[in-house]
Amino acid sequence: MDTRPGSAHRLRLRLLDEVVTIDAAKHELAEAEIARERVAAELKRVQAEYRIADAYAKDIRERIDSGSDSIRRLRKSLRTMATFPAELLGMIFGNTVSMRDLDDNSIDWDAALLPYRVADVCSHWRTAALSDPSCWTYL
């Protein structure tokens with residue numbers, strides 16, 4: 001090892017440079033850990049939002065599936081109603097209209113419009129409603 005006075009000075013300067021470098025690295029490490037903590041907190045927030053959005057999407061999927069099942073059941077029942085004889089449908093429609101009779105002399109607009117609404121469903125129901133005079137009794 002060199003024991004000259006200039007060499008000790010150079011060693012002290014080098015040591016000082018190393019200390020400054022280590023201090024700067026420690027400072028950078030502290031900033032990086034703060035940034036990592038911020039990112040970890042943001043990640044937790046985003047994951048929570050994702051779980052909420054995922055649950056919402058699952059709920060919507062279930063409602064769509066339920067609605068689709070209801071639509072299938074309704075279509076099936078409509079197909080069944082389409083195969084009813086027109087005479088039977090006419091009797092059902094006529095009884096529905098006659099059940100809506102009011103005690104006083106006021107007009108029950110729902111009852112008055114019922115034959116028109118029934119006749120608008122499909123041509124089979126229109127034929128049934130038009131062919132049964134009891135549907136048109138309370139106009």
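## Overall picture

Of the 139 residues in the protein chain, 14% count as buried. Keep in mind as you look around that this is a predicted model. The chain exposes about 11400 Å², and carbon and sulfur atoms supply 60% of that area.

## Helices along the chain

What kinds of elements will you meet here? The protein chain has four helices and zero strands, so reading from the N terminus the order is simply α-α-α-α.

As for contacts, take those between residues at least 6 apart in sequence: 52% of them join residues at least 24 apart.

## The annotated coiled-coil region

UniProt, in an unreviewed entry, places a "coiled-coil region" at residues 22–49. In the model, this span is 100% helix and 0% strand. The C-alpha atoms at the ends of residues 22–49 lie 40 Å apart.

## The nonpolar core

Now to the other helices named here. The largest nonpolar core is made of eleven residues. Among them are Phe93, Trp125 and Cys135, along with Ala86, Leu89 and Val97. The core also includes Leu114, Val118, Ala119, Ala128 and Ala129. Which helices each supply at least two residues of this core? They are H2 (86–98), H3 (109–119) and H4 (123–131). H2 gives the most, with four residues.

Leaving aside residues up to four places away in sequence, Leu114 touches Thr96 and Val97. In soluble globular proteins, nonpolar side chains tend to be buried together.

Key:
Residues are numbered from 1 along each chain as its sequence is written. This is a predicted model: local features need pLDDT of at least 70, side-chain atom pairs count only at pLDDT 80 or more; totals for chains, interfaces and linings use all residues. Side-chain values use heavy atoms; hydrogens and water are left out. UniProt positions are given in the numbering used here, feature names are shortened, and annotations may be inferred rather than shown by experiment. Buried means under 20% relative accessible area, exposed over 50%, partly exposed in between (1.4 Å probe, protein chains only). Contact means heavy atoms within 4.5 Å. Accessible areas come from the Shrake-Rupley method with a 1.4 Å probe; for residues, only the protein chains shown count as cover. A nonpolar core is a set of buried Ala, Val, Leu, Ile, Met, Phe, Trp, Tyr and Cys residues joined through side-chain atoms within 4.5 Å.
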